[in-house]
Amino acid sequence: MLDDDDDDLQIRAFLEKHDSTSNEFQGSNLSDPNLSWLPQVLKEFILPAGFPGSVSDDYLQYMLLQFPTNVTGWICHTLVTSSLLKAVGVGSFSGTAAAASAAAIRWVSKDGIGAVGRLFIGGRFGNLFDDDPKQWRMYADFIGSAGSIFDLTTQVYPAYFLPLASLGNLAKAVARGLKDPSFRVIQNHFAISGNLGEVSAKEEVWEVTAQLLGLSLGIVILDTPGLVKSYPMLVSTWASMRLLHLWLRYLSLSALQFNTINLKRARMLVQSHILQSRVPGCIDCNRDENILLWQRFIKPRIIFGVPMEEMLGSGRSTSMLKTLLRLYAREKYILVVNQQQIDFEVFVSFKVGATSVSVLRSVWQTYWLHENLNVSEDIFDQLAKSLSMMDEKFNEFIQQLDKGGWDIHQINLRVPKEISIDECPV
């Protein structure tokens with residue numbers, strides 16, 4: 001019986017996606033989700049077996065936007081490479097072995113320094129990518145663009161090739177360190193049939209095709225009379241192509257429809273539930289999600305993992321601590337409102353054994369307080385009231401998430417591990 005319900009949900013989700021895609025691409029052959037107009041041989045070459053049922057509903061739209069994104073990226077790569085080659089002396093030196101050796105040493109040196117960036121990202125920030133792969137994939141392109149700017153300047157300052165090219169390669173290595181793990185999460189999202197290997201292989205087909213087309217167009221651009229000799233023209237062409245690339249990247253990431261709950265989506269879902277007693281579905285929430293916005297700039301501000309000493313303030317009252325421990329005896333966290341700030345802000349400290357659901361409950365309580373806090377009333381009474389309301393409404397919230405198609409078993413809300421409160425009797 002459960003399998004039949006799951007099948008019905010998948011069919012309804014597919015039909016909704018088909019309707020929205022048909023509206024968006026009305027009058028175009030791309031509106032056909034089965035791509036019946038595409039030759040079968042080509043379809044088997046570029047798409048996973050069983051398409052569209054073997055992948056998530058947003059797969060095709062993402063790949064169609066990703067393709068021109070990659071093409072423009074390789075065009076930019078071609079333009080930047082021409083500046084690097086000129087900076088190391090290709091086209092300027094006579095073809096001597098010494099010149100070739102010097103150019104090779106400078107080229108390999110900047111690659112070695114750049115590799116440090118990937119080592120740092122993988123070791124230090126590996127736990128970030130599951131939370132918000134769309135954001136980190138977008139940031140990877142911004143950082144990679146900054147690295148290309150360093151590469152372009154090597155043609156103007158060839159004497160500083162090594163530091164400039166090394167900075168460029170470091171930035172691009174950091175970008176790759178952000179890009180690869182983020183895209184693995186995206187690929188895993190597509191592989192709803194457990195076909196991650198095939199999804200990865202077909203993505204490689206799209207990527208290599210885009211690479212070949214992008215390199216070809218880049219060569220054509222470089223062969224344009226006057227462009228190679230005119231540095232301002234080269235830079236303006238690169239800048240135009242890079243802006244187009246970034247815009248296409250943003251569109252492709254915006255097309256993704258994750259049904260997992262990260263902190264950004266949790267905020268949106270909780271706010272809607274508190275204000276409107278309903279939660280948006282996956283499509284609406286992903287469409288409205290701001291890919292670029294940092295968590296620290298989202299209001300109301302929530303600071304997780306705050307030490308108890310900071311939460312209690314300079315007074316460090318024993319009675320205040322006992323009151324908080326009694327209030328939150330049934331929760332795996334302690335939340336207080338920072339009354340030293342003009343703007344609403346809360347501190348959250350987690351107990352040993354806290355889970356992602358604990359984080360989600362703290363977000364729910366935060367938004368209830370943000371909407372209902374009365375500064376003239378006792379703060380502890382309002383904390384108690386917010387906990388009472390959460391006990392009454394939170395299960396309904398979870399049920400609405402489940403009915404809305406959200407994966408309530410995969411809540412990507414990370415509990416800070418640095419600071420935890422041991423349970424103790426009061």
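Helix 8 covers residues 231-254. It has 24 residues and reaches 35 Å from its first C-alpha to its last. That is close to the 34 Å expected at 1.5 Å a residue (the expected span is 1.5 Å times one less than the number of residues). Helices here are DSSP runs of H or I with at least four residues, strands are E runs of at least two, and both are numbered from the N terminus.

Two ground rules. This is a predicted model, in which local features need pLDDT of at least 70 and side-chain atom pairs count only at pLDDT 80 or more, while totals for chains, interfaces and linings use all residues. Numbering runs from 1 along each chain as its sequence is written, and side-chain values use heavy atoms, without hydrogens and water.

Which residues of helix 8 are buried? They are Leu 234, Thr 237, Trp 238, Met 241, Arg 242, His 245, Leu 246, Leu 248, Arg 249, Ser 252 and Leu 253. Buried means under 20% relative accessible area, exposed means over 50%, and partly exposed lies in between (1.4 Å probe, protein chains only). The spacing in such a list is worth a thought: an α-helix has 3.6 residues a turn, so residues three or four places apart point the same way.

Now a partner. Asp 141 lies in helix 5, residues 133-153. Asp 141 is itself buried, at 7% relative accessible area. Set aside its neighbours within four places in sequence, and Asp 141 is in contact (heavy atoms within 4.5 Å) with Arg 242, His 245, Leu 246 and Arg 249. Those names are among the buried residues of helix 8.

Follow the chain past the helix. Leu 256 sits in the loop between helix 8 and helix 9. Its relative accessible area is 0%, so Leu 256 counts as buried. What does Leu 256 touch, beyond neighbours within four places in sequence? It meets Asp 58, Tyr 62, Lys 134, Ile 186, His 189, Phe 190 and Asn 286. Asp 58 is 198 residues away in sequence, yet the two C-alpha atoms are 5.8 Å apart.

Take Lys 134 from that list. Lys 134 forms a salt bridge with Glu 289, with the closest N and O atoms 3.0 Å apart. A salt bridge here is a side-chain nitrogen of Lys or Arg within 4 Å of a carboxyl oxygen of Asp or Glu. Why does this pair join separate parts of the chain? Lys 134 is in helix 5 and Glu 289 is in the loop between helix 10 (282-288) and strand 1 (301-304), so the pair ties together parts 155 residues apart in sequence. Both Glu 289 and Lys 134 are buried.

Glu 289 has another partner. It meets Arg 265 in a salt bridge, N to O 2.9 Å. Here too the pair links distant parts: Glu 289 in its loop and Arg 265 in helix 9, 24 residues apart. Glu 289 has a relative accessible area of 5% and is buried. Arg 265 is buried as well, at 2%.

Elsewhere, the side chains of Arg 361 and Glu 331 pair at 2.8 Å, N to O. Arg 361 is buried at 16%, and Glu 331 at 8%. Shared partners join Arg 330, Glu 331, Arg 361 and Asp 391 into one network of salt bridges. The structure holds 14 salt bridges.

Just after helix 14, Gly 405 takes a positive phi of about 95°.

Last, the whole chain. It has 14 helices and four strands. Of its 426 residues, 45% count as buried. Among contacts between residues at least 6 apart in sequence, 76% join residues at least 24 apart.
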